[in-house]
There are 2 protein chains.
Amino acid sequence: MANIKVAESAGFCFGVKIAVDAAVEAGEKLGGAYTDGPIIHNKQVVQFLESLNVKQLQPNQELKEGDTVLIRSHGVPPKEERRLQEAGVKIIDATCPFVKKVHEKVRQLVEEGYYVIIIGEEGHPEVIGILGHLEEAGGKGIVVSNMEELIKKMPKRNKIGVVAQTTQSEDFFREAVGYIAENTEEVKIFNTICDATSLRQEEVKKLAPSVDVMIIIGGKHSGNTKRLAQISKALNPNTYHIEKADELNPDWFKNAENIGVSAGASTPDWIIKEVVEKIKELTNS
Amino acid sequence: MANIKVAESAGFCFGVKIAVDAAVEAGEKLGGAYTDGPIIHNKQVVQFLESLNVKQLQPNQELKEGDTVLIRSHGVPPKEERRLQEAGVKIIDATCPFVKKVHEKVRQLVEEGYYVIIIGEEGHPEVIGILGHLEEAGGKGIVVSNMEELIKKMPKRNKIGVVAQTTQSEDFFREAVGYIAENTEEVKIFNTICDATSLRQEEVKKLAPSVDVMIIIGGKHSGNTKRLAQISKALNPNTYHIEKADELNPDWFKNAENIGVSAGASTPDWIIKEVVEKIKELTNS
């Protein structure tokens with residue numbers, strides 16, 4: 001029978017836990033709510049919330065007084081918040097406190113005269129929110145998600161400020177700020193990668209090379225899970241990124257003695273447990 | 001006959017040129033001066049200046065009114081400047097303007113509440129001067145000269161400010177600031193590596209791999225020359241660091257078609273010319 005080691009940092013982070021709890025509460029106590037997109041990148045959780053009448057806002061959906069809108073942990077641009085306020089709906093703000101800190105830091109950098117580089121994924125809801133705060137503060141900046149893009153877009157400015165999407169890779173962050181500082185007179189950096197993200201990545205870096213097979217659980221569209229799988233794959237080619245237990249393939253575990261498991265920030269505990277049980281089943285047979 | 005390519009950026013930088021010119025002027029017009037250590041890491045230049053009665057201060061040397069003391073391009077701690085003022089000597093301040101900028105930036109970082117990391121060589125006169133300004137401003141900090149040292153000494157602080165000795169390696173600077181930013185909430189960086197240094201290094205990076213032999217000229221104790229030789233050697237194992245033409249070894253140039261030459265910031269043009277002439281001689285025979 002194989003040894004299965006589940007990373008302690010696997011699964012829900014602080015911010016996601018707050019948002020999911022708030023959504024469940026809105027479903028149970030307020031009879032439902034709208035969310036501005038899927039509350040987390042996890043189909044199973046989204047389906048469960050739908051059963052509680054917590055549903056995604058549709059494009060061009062009319063909001064009326066008395067509706068409840070839950071702002072996800074990713075946060076929103078200030079413009080969107082105002083739109084909701086003007087519509088007179090009840091707002092539950094579940095923006096992750098760490099994301100709020102990024103908004104504050106971006107505003108501070110703009111006030112201090114810095115051009116802003118956001119280390120993050122263009123189009124990600126968290127980054128859209130951050131860019132909204134940058135714009136609102138009257139600042140200018142760019143988003144970069146890899147070194148090639150950074151080198152191509154590198155602005156010629158005397159003062160550059162840097163923040164990161166909270167779930168960015170520490171490795172890219174380190175390389176990027178090194179490059180920015182090498183090419184700029186003055187750089188002010190706020191390392192806004194949240195501890196849960198870096199802890200999860202650090203644990204995978206230790207776990208992946210010490211096992212025969214590594215299973216990373218999380219939504220296929222979840223950026224932090226994809227990065228976790230990338231990090232793991234670089235250290236252990238037998239890495240598989242799955243969303244749920246029924247994707248596990250018995251062939252992966254042939255002759256495997258040690259199996260590692262971790263999961264992205266949007267994976268609930270019960271899905272991790274299901275996967276572990278299924279691996280036990282497959283490696284016993 | 002071999003092709004000899006001398007890097008355009010080889011030799012005296014702006015700051016060294018100012019200091020040497022000031023020393024020559026002090027010798028010729030004031031009948032001599034003291035310098036607080038060798039004016040540059042180049043024996044030939046130091047000997048020439050001695051012939052003009054521009055000599056190094058000796059330990060515990062008594063200074064008397066009417067003496068002239070020339071502060072080198074490296075700068076001095078404020079304490080040392082006061083000591084000279086109190087002794088009533090005439091001071092010629094040839095501190096490089098780029099070094100003065102480091103002093104200013106360190107003071108600014110201290111005022112803004114940053115703990116300071118100096119990317120530089122402990123004990124180097126420029127770093128001693130920078131540390132003097134750090135202390136004078138009431139700040140705290142450390143000096144690190146390589147990644148191992150940085151990782152070992154890495155302070156746990158929320159706010160860290162970074163400056164560099166003007167002649168530091170861009171590669172180490174980049175790696176170091178990346179690491180510091182990864183492990184600190186807020187980092188403010190002034191890239192104080194002077195353009196002449198980075199230009200010289202960039203040119204060697206291009207030149208070294210394109211030639212058969214690389215000659216780096218400069219004092220054996222000159223930090224910026226040693227780094228130049230290291231960079232060159234990493235890209236071309238046939239790299240030789242010499243101080244003057246008579247160290248050239250004919251064996252180095254056997255079958256060499258292309259020969260590259262560069263020189264540290266403290267190497268005067270006439271020494272570079274001598275070396276080039278000698279290489280021509282050796283490769284013609």
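Modeller: Let us begin with strand pairing: two strands pair if DSSP finds at least two bridges between them. The model before us is predicted. In chain A, strand β10 (residues 213–217) and β11(A) pair in the parallel sense over four bridges.

Biologist: Which residue of β11(A) is the bridge partner of A:Ile215?

Modeller: The partner of A:Ile215 in that strand is A:Tyr240.

Biologist: What is the strand order of the open sheet in chain A?

Modeller: The open sheet has four strands in the order β1-β12-β10-β11, with parallel pairing. From one strand to the next, the twist averages 20°. At the edges stand β1 (3–6) and β11 (239–242) of chain A; each has a single partner strand, so one side of each is left without a neighbour in the sheet.

Biologist: How should I read the nonpolar core?

Modeller: In soluble globular proteins, nonpolar side chains tend to be buried together. Here the largest nonpolar core has 112 residues, and A:Ala23, B:Ala23 and B:Val162 have the most contacts inside it.

Biologist: Which residues does B:Ala23 touch, not counting those up to four places away in sequence?

Modeller: B:Ala23 touches B:Ala33, B:Thr35, B:Ile39, B:Leu49, B:Val54 and B:Leu70.

Biologist: Let us turn to the interface. How many residues does the contact take from chain B and from chain A?

Modeller: The size of an interface is often given as the accessible area lost when the parts come together. Counted by residues, the contact here takes 17 from chain B and 17 from chain A. On the side of chain B that touches chain A, the elements giving two or more residues are α7 (170–182) and β9 (186–190) of chain B. Of these, α7(B) gives the most, with nine residues. The residues of that side divide into seven nonpolar, three polar and seven charged.

Biologist: How do the β9 strands of the two chains run, parallel or antiparallel?

Modeller: Strand β9 (residues 186–190) of chain A is joined to β9(B) by five bridges, and the two run antiparallel. Within this pairing, A:Val187 has B:Ile189 as its bridge partner.

Biologist: What rotation superposes chain B on chain A?

Modeller: A rotation of 180° does so, with 0.0 Å of shift along its axis and an RMSD of 0.0 Å. The two copies are therefore related as by a two-fold rotation axis. Moreover, 100% of the interface residues of chain B are also interface residues in chain A, so the copies meet through the same surface.

Note on methods:
Residues numbered from 1 in each chain as written. Chains lettered and ligands numbered in written order. Predicted model: local features only at pLDDT ≥ 70, side-chain atom pairs only at ≥ 80, totals over all residues. Core = buried A, V, L, I, M, F, W, Y, C linked by C-beta atoms within 7 Å. Buried ≥ 20, exposed ≤ 12 C-beta atoms within 10 Å, placed from the backbone. Contact = placed C-beta atoms within 7 Å. Nonpolar A, V, L, I, M, F, W, Y, C, P; charged D, E, K, R; others polar. Least-squares fit on C-alpha atoms with pLDDT ≥ 70 in both. Axes fitted to C-alpha atoms, helices over the stretch in contact; angles between N-to-C directions.
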